[in-house]
Amino acid sequence: MSTELFIEEASLEAIEASLQQHKQFFKSGVTRPLQYRKDLLEKFSTVIKNHETEIISALKKDLNKSDMEAYTTEIGILLEEIRFVLKNIDEWAEPKKMKTAKTHIGSKAYTVPEPYGVTLIIAPWNYPIQLALAPVIGAIAAGNTAIIKPSELTPTTSALLAQMINTHFDPRQLFVIEGGVETTQNLLKQGFDYIFFTGSVPVGKVVMEAAAKQLIPVTLELGGKSPCIVDETADIPLAAKRIAFGKVTNAGQTCIAPDYLFIHKSKKDEFITEFKKTVIEFYGTEPLKSDKFGRIVNERHFNRLTSYLDDGEILLGGNVDPASLKIEPTLMEPRDFSVPVMQDEIFGPVFPVIEYEDLDEVIEFVTERPKPLALYLFTSNPVTEERINGTISYGGGCVNDTLMHIVTPYLPFGGVGESGIGNYHGESSFSTFSHYKSILKQTTKFDMSFRYPSGRFGLQII
Ligand code: NAD
């Protein structure tokens, strides 16, 4: 089944015209008042709520997401984020009083958040609604305008986003431009004030290079291989359930999905048994036939993922259905670390399992590779927790869980090193899309004459 529907590229003229409209609109100052931003966020929430049915059906078509998954991982996250921002925006937008040094006696200092201006938001296909719209919440809250470029690989969702946004909002404030690589590259040539990109590491480099040419600030939300570590003290049935949840949600097509597993040798067999039980509990004995289990986005990714099945011994699952683009939740033991499944970001329900005896080997393996976006540790030993978190750098993660760190608005979300630059969610979304202007308000009651070339020591009362 070919799912690669064609999305037309946007013309350069249309892109330039849209950008000019946004520039003018931002310059007019309309987007700055707090009440305007709040009203817009309320409307954003209403438009999402009014399109719930269409969103769910587009996600079904593009990714076979179940209704529940579509709601919890896309719609619900957005509505909760808007609610949280509306509750806190007054405080975040306030100027913050700062201290002044003794050399600045008589003066006052403060920082004030101001919008960057016209922002570009480029989204991937795996959570095509959430990842296109969550950054928009931050952009609006901070007083910016946004041009949004959804992924061409989820065409039904891309078309829905264009219809939802372009018919309900002032196109000078929010506008969706559909298209693929050419459109994105033309957008990247424009003079945006901020670029927020979510996607792969190689394209992140393309975005950063283009932004560097015009010194445009960026946030890069990228991917990579996120390790999962289960030690000998972990609660294995619970660990297996929570890891399976992280690996099978959206059929493993999640940037923070556990990519591969290091498990203590003494617990490997129990883990496989428990993982198997969990898969049956989630999807029955034939996951390929379950309507709750998502499909792979397209044939190219399906073929890439099925090729990994030759990279070692299958421990569980391994069945595939090319007609529905589905791959069973699969545990495998990789032949060695040089095989593609241990080199590429997997981004699917294939899970390499590697047994270990000495935690130092695990730390060595992870720290020799690019800094991961997420890391998941399952242990009941605080010493292990301290060793892992004290030695391995990663974007964010969980102890004794997977994925859940992304769904609290109190934690900033982002990568480090190759897994990304910057972060968002909650207050971080507001600060990401704000420039904090530093202002010193000097007294005019007296002057420090010694700082001038002609200066004498002492104060000069004015
Ligand atoms: P991608 O990098 O291929 O595409 C992302 C966007 O970039 C799309 O809108 C696409 O049209 C555009 N694009 C693709 N190739 C381009 C090029 N050569 N020049 C300019 N633009 C180009 O990523 P994807 O396949 O859509 O998404 C999967 C990747 O995204 C994975 O690596 C995953 O880990 C990562 N991801 C990260 C996060 C996060 O929050 N950190 C979230 C989701 C996905």
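Leaving aside its neighbours within four places in sequence, which residues is Val230 in contact with? The answer is in point 2.

1. Basis. This is a predicted model, in which local features need pLDDT of at least 70 and side-chain atom pairs count only at pLDDT 80 or more, while totals for chains, interfaces and linings use all residues. Residues are numbered from 1 along each chain as its sequence is written. Helices (H or I, at least four residues) and strands (E, at least two) are DSSP runs, numbered from the N terminus.

2. Core. The largest nonpolar core has 114 residues. Such a core is a set of buried Ala, Val, Leu, Ile, Met, Phe, Trp, Tyr and Cys residues joined through C-beta atoms within 7 Å. Ile121, Val136, Ile137, Ile148 and Val230 touch the most other members. Helix α5 (residues 130–141) gives the most to this core, with 9 residues. Beyond four places in sequence, Val230 is in contact with Ala239, Leu261, Ile263, His264, Lys267, Phe271 and Phe378. Contact here means that the C-beta atoms of two residues, placed from the backbone, lie within 7 Å.

3. Ala132. This residue lies in helix α5. Ala132 counts as buried, with 28 C-beta neighbours inside 10 Å. The cut-offs are 20 or more other C-beta atoms within 10 Å for buried, 12 or fewer for exposed, and partly exposed in between, with C-beta atoms placed from the backbone. Leaving aside neighbours within four places in sequence, Ala132 is in contact with Ile121, Ala123, Ile148, Pro150 and Leu161. Thr198 is 66 residues from Ala132 along the chain, yet their C-alpha atoms are separated by 8.5 Å.

4. α4 with α5. The two axes come within 9 Å and cross at roughly 10 degrees. Axes are lines fitted to C-alpha atoms, for helices over the stretch in contact, and angles run from 0 to 180 degrees between N-to-C directions. The helices α4 and α5 are therefore roughly parallel. Angles under 35 degrees count as roughly parallel, over 145 as roughly antiparallel, 65 to 115 as roughly perpendicular and the rest as oblique. Residues of α4 in this contact include Thr73, Glu74 and Ile77, and those of α5 include Gln130, Leu133 and Ala134. By class, the contact has 9 nonpolar, 2 polar and 2 charged residues. Ala, Val, Leu, Ile, Met, Phe, Trp, Tyr, Cys and Pro count as nonpolar, Asp, Glu, Lys and Arg as charged, and the others, Gly among them, as polar.

5. α2 with α4. Helix α2 (residues 34–50) and helix α4 (residues 67–93) have axes that come within 10 Å and cross at roughly 170 degrees. That makes α2 roughly antiparallel to α4. Among the contact residues are Leu34, Arg37 and Phe44 of α2 and Ile75, Leu79 and Ala93 of α4. The contact divides into 12 nonpolar, 1 polar and 2 charged residues.

6. Ligand shell. The ligand is surrounded by 27 residues, and the closest are Pro124, Gly199, Val203, Gly223 and Cys255. A residue is near a molecule if its C-beta atom, placed from the backbone, lies within 6 Å of it. Helix α7 gives the most, with 3 residues. The shell divides into 12 nonpolar, 11 polar and 4 charged residues.

7. Positive phi. Asn250 is not a glycine, yet its phi is near 55 degrees. Asn250 lies in the loop between α9 (236–248) and β9 (260–264). Asn250 is buried, with 26 other C-beta atoms within 10 Å. Leu325 also has a positive phi, of about 55 degrees. Leu325 is found in the loop between β11 (320–321) and β12 (326–327). Leu325 counts as buried, with 23 C-beta neighbours inside 10 Å.
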